[in-house]
Each structure stands twice: as structure tokens, then as C-alpha cells.
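Reader: Hey, I've just opened this one and I'm new to it. Can you walk me through it?

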Amino acid sequence: MTSDVRGHVVVLATHIAEGRLDAFETAFSGLSDELRAQPRIQFQMCRYLHARGHHDECLSVALLLIADDPCFSAARGMAIRACAETGAFADAFALILEAPADGLNCDWAFRRLFILFSRSTDSTPEPLAAMRRIAETKGAKERLWLARLHRWAGDLKQADALIEAELAERPEDLDARIELADIRLAALDWHRGARLFEELLDEEDVPPDLKDRMGKARDCVTHLDRWYRSGPPVAADYRLPDSLFERVALSPRVKAVDLSLDRVALVGATMAAGGAENILGQAFGALRAGSRFQPELWLYSANPEKGHDFFLDQLAIRQDEERGVFIVPNEEPDAPPHCWLPFSPGRHVQGLRRMIARRRPAILHGWQDGVNLEVAMAGLLAGVPKILLHAHNMRADSVHRTKFMPSFRRAYRALLRRPETHLICVSEASLADYLDWLDIDREARFHVVHNGLRWPDPMSFADREARRRAVRSEYGFKRGDRVIGGIFRFFAIKRPMLWIEVAARLARRDPRARFLLFGNGPEWEETKCHAGRLGVADKIRFAGVVADAGALSIAFDALLLTSESEGLPTVILEAQGNGVPVVAGDVGGVGECIWPGHAVLVPSSDPAAFAAALSDVLDRPRDPARTEACIAGIRQTFSIAAMTAKLEAIYRQ
């Protein structure tokens, strides 16, 4: 590389590293065509496109670079990472399997690939072959690297077994011992790693950040060992973070002073585009407008770049403290027990305790499972006298796919022993499911509060028809089209692939069938690809996230919901509140929000059964009287006023 090219590379790379992407554009546009064509300059363009989130364009540039030089490992890494970010895992693994050994020096890309792959539902068969291919390039450290790759992919048991085998042959291998410490920390097997942590803390060559994590783990194990020997015999086989929740739940009650007795903190992760976030925002607005309580909205994030402010904007909630909207501090936890919790929960619990000390609410109201547990721990540590854990789906292990799932059950069981804690579920089905999962009996502290919405003023039949035609025209549908709609996040539990399979079956039976989908998520791209494979991509409008998607359901001839699990889905309420019939899986609390005669519940996951139900609904003669009764009944039963009245009763209890 000439000194001229090297100088420009340094400038461009610095702009990217410091986040000055506009400055990168200016510097790049000032280069000659000859300089822009240089491979190292083009690689910086790859990095820029990745930083902008333009992964398809990043991949195109990276593929051209490795076509010219298969050993350009950094470019191959960018290609692998671009594939991973878009969910094209088979392509990412192919880039590994076809590469020369000298072209696989991009560990940063492998880490991201396997982390993202572990979070997906992809059943691509190549990951193990790709792992072995990478490990082969590491020579004598092959088994260690294979273990590291398994750790990144979330297979911690296999990673642990591989390192144990390595250490059986070379017990003093420092790299292998460091890797085992990382595995034990990630697996939360801190008690198994305590002795190893103690040994490695004295090694000079151990990275400082790893020493910090091991030191916290050792201190936590020492504390819990001492407590379990002298305190209540809760769990001799303690785990983390389970035992930390049990430790807090069984500690003597903290007596807080100088609390604001009418102040309620409603705590949510974000206000992103989701049903629970919509209900949270509507409840906050209604309580603030007409309650004797003083509600505040505490959020972990309202970052507009990540869409975390979606419902703040939609519901006209101003993000400032004068109007009761606060962002919970997000700082590295600096004291027990916060610093012993894994990853973000420790930050959240510490941030919540600081908010409690500052704002002094007498009631903490958490929304959704992970937030609930953090709210409960922070509230008990701070002595808050009433803590509400508000679940918005069925039992947590049917919804969440994390390695911490066993902790959710033990944490809920421990925390719900305390008289300060209440459990709120959005349906009778959801509450029954939680109690069965937790193996506890129903108490007066366990409640059902159906979701409620703030409904717009009712429209006449003529106005509703005019609005229906306008929305259909806006999205390109013609007179005579039968529009089946869906509104959901593109996550595995919503089963978007099944939705597409139902659409394909219906399209084969009914040439007038057309489809409109609102939402996004990690399975967005794969869902579109699936529509292409089934030959219905030209019949489906993927509209993404839009303002007030629920109101736009007025354009549907039917709403289709194929979720694997639902607590009490607001999209069904919104559709019926617009007079739109529903076809949905008979899961969770769906049956509790259906207006008689206005929906069909499908008791299986068979796409043929869903398609047949849709055909039946679409072929029914329209009955204006039945539609008007549905609209009025749904809006009255599931109103924001009815929901907040129940919440206020619980606050007073």
C-alpha cells in the first residue's frame, strides 16, 4: 500500500471509529476515482456501509474484494458479518467453508455470526462444519477454538466439555483456563468456577476485564455460601441469578421512610412498537389525566434510533420529567447485589434503586417479565411497600428463549412469597398458566386485568366505509380484492412463516385474496423470502412499522393471527373495534377477547385449517347489525377506563 493510500485509509478509518459518518462521506467524495477503487479504500467503504446499517450494499462491496483476493480476511469478515446481520446464515457459513486458511483471520466476525445464529430459529446444517473449519486454521489450539466458537453459539455445555478435555492433557495451559473461566461465567456456573477464578486472579496475563468479572463472581459465591450455611435452607444446589432473587426475597423487610404515598412508577423497557408498550402508554396517559394517583413513566430506553420512542410519539407523551417521563440511569453496577447480576439486569436494578431514592414512589408497577423481576428486586431492596408484576403473555418459559429461563421461575416463586408483591395477568388463561408454571395457589394478591384501549369517537357506517376505501386505495388494493391483514412483531413466537403458508393456501383457493402485513422484527427478511419461495410475494404488501397500524385494520376484510402464544392480543381488539372479523389460533387468552359470532378460533397449527376458516369468514354475508354490536361491545368491554379502574383498585388494595 502506498503512503498516499495509507494516509487516506487512516483518515477514513478514524472517521468511522469516532462515528463521524458525515465526515467520512465528505472525505470519500473528495477522493479521485483511482483512489476510490483501491481495495483498502473500498474496505473502508464496507465498514461505512455496515455502520449505516446498509448490510446488502456492504456485502456486495465485500464480495467484490474477496473475489479479487480470497485471502483478504478483513473483507471476508465484513461479508460474513453482513450475512449474519440479515439472517443469511447459510451464506455466512458458505463463506467460511470455501475460504483459504489465510482468509479466515477475522475472529470478530465469527463472534458476531455465532451470537446472532444462537438467537435465531434457523435450522441451517452447516454451523458445526464451519466451526471445525475455523478451528482447523488455529493449529495446535484447535480444540480451544472449537470450544470458544461453541461458547459464542450459546452451546456452553459442549464448550465446557471440550475445554475440560483440553485441560486434562495440558492442565497448565493458560489460554484454556481463561476460556474455561469465560464459559463458567457465561453459564452462571460460578460456584463450579470459584476455585479457578481465585487461581486466575493472581495471573499477570489475564485480561483486566475478565479479572473484574471473576472477582465479582468469587465475591458472590462467597456471600451465598455463607448465607446458605447460616440462613434459611432454600436451595442447596443454588444457581445464579436464581439465588440472588431468593436471597433478597427472604431477607428481612426494609422499612422505607418519606415515601410519596400516591406516587406510582410504571416501569417499562421501552416504548417500541408492541402491544404491551401500547397498553403501558395508554394506561400512563389515562392515569395521569384522571386519577388521584400520581403516575410516572420510567423507561430503560427511549432511543429514537432504535425505535424505542415509537409509542411516546404515537400517544403524544412528552419525554421530560415535568410530565412524569423518566429514563432510568444505566451505569455499571458498583455494589452488591447489583454487580452480581448478569449483564444488563445489574444495571437496571441499580438504576431503579437510584430512581426510587430520588422519586420515592410508594407503588412500583413493572410491565413484562424481565422488567418485573428487576422491579421486584429493586423495590424490595429499597423498601417499597407495593410492587406489581404485570405479565402480558402466557407463562414466561413459553415466550422467552434465553438461558436465564430457569431463573425466571425460581425468581417469581421467591418474590411472590412476599406480601408486598402482586401478580397481574392480562387474561384468566394467562394467570392460570403462570400459577401452574410456578406451582402456587391463587391468592388475593394475584389479579386479572384485561387490556383496554382509548377508542376514537365512533364513526357512522357510511364514514367507516369511506375510510375503509381510502386506506385500501392508499395501499394499492382494487375494488373486489379480499384483503387479509396481519399486525405483529416478526418474532418466532408470532409464527410469521405459518402466516405466509396460510396466505399461500388461501391465494391458491381464492384469486381475489390479497395480503397486508404491518410490523418488523428479526424474521422480517426471512418472512419475505418465504413468501417468494411459496410464490405469493406479489400478493403481499409488507408495509413495515407505521403509525397507528391498529386503526388501519379498518381496511381488512379479515385479520389473521397465527401466534403460538398470546396473553390478550390488542390487535384482535383493534380489529373488532373497527368491525373487522378475526381468524386466530385458539391459544392463551385469545378466546377471552373475541366477540361472539365475529371470529373463528382455529384449534390447531395446520395452515389448511386456518385457510379454510378464512374462506368461511370471507364468504359470509356482511351483517351490519352484527358488526355494529361487535364494535360497541368490544369498545365498552375493553376500554382504557375499565382497565385503569381495575388498576386503581389494586393500587388502593
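This is a predicted model: local features need pLDDT of at least 70, side-chain atom pairs count only at pLDDT 80 or more; totals for chains, interfaces and linings use all residues.

Reader: Let's start with the sheet. What order do the six strands come in?
Author: The open sheet runs β10-β9-β8-β11-β12-β13, with parallel pairing. Strands here are DSSP E runs of at least two residues, helices are H or I runs of at least four, and both are numbered from the N terminus. Two strands pair if DSSP finds at least two bridges between them.

Reader: And which strands are at the edges?
Author: β10 (540-544) and β13 (599-602), each of which pairs on one side only. From one strand to the next, the twist averages 20°. Angles like that run from 0 to 180 degrees between N-to-C directions, using axes that are lines fitted to C-alpha atoms, for helices over the stretch in contact.

Reader: Which strands does α23 touch?
Author: α23 packs on the sheet and touches β8, β9, β10 and β11 (558-561). Contact means heavy atoms within 4.5 Å. The direction of α23 makes about 160° with that of β9.

Reader: Switching topic: how many aromatic pairs does the structure hold?
Author: There are 19. Rings of Phe, Tyr and Trp (its six-membered ring) pair if their centres lie within 6.5 Å; planes under 30 degrees apart are stacked, over 60 edge-to-face, and the rest tilted. Take Phe89 and Phe117: their ring centres are 5.3 Å apart and their planes sit at 75°, so this pair is edge-to-face.

Reader: Where in the chain are Phe89 and Phe117?
Author: Phe89 is in helix α7 (residues 89-97) and Phe117 in helix α8 (residues 107-119), so the pair ties together parts 28 residues apart in sequence.

Reader: Are Phe89 and Phe117 buried or exposed?
Author: Phe89 and Phe117 are both buried. Buried means under 20% relative accessible area, exposed over 50%, and partly exposed in between (1.4 Å probe, protein chains only).

Reader: Which aromatic residues form a cluster?
Author: Phe488, Phe490, Trp499, Phe515, Trp524 and Phe542 are linked into one by ring pairs. Both Phe488 and Trp499 are buried.

Reader: Now charges. How many salt bridges does the structure hold?
Author: 56. A salt bridge is a side-chain nitrogen of Lys or Arg within 4 Å of a carboxyl oxygen of Asp or Glu. One of them joins Arg151 and Asp182, with the closest N and O atoms 3.8 Å apart.

Reader: What about Arg292, which residue does Arg292 meet in a salt bridge?
Author: Asp262, at 2.9 Å from N to O. Arg292 sits in the loop between α16 (275-290) and β2 (294-299), and Asp262 in strand β1 (residues 260-268), 30 residues apart. Arg292 is partly exposed because its relative accessible area is 48%, and Asp262 is partly exposed too, at 27%.

Reader: And which ring does the charged end of Arg292 sit over?
Author: The ring of Phe293, 4.2 Å from its centre. A charge sits over a ring if NZ of Lys or CZ of Arg is within 6 Å of the ring centre and within 35 degrees of the ring normal. Lys138 has its charged end over the ring of Trp145, 4.3 Å from the centre.

Key: Residues are numbered from 1 along each chain as its sequence is written. Side-chain values use heavy atoms; hydrogens and water are left out.
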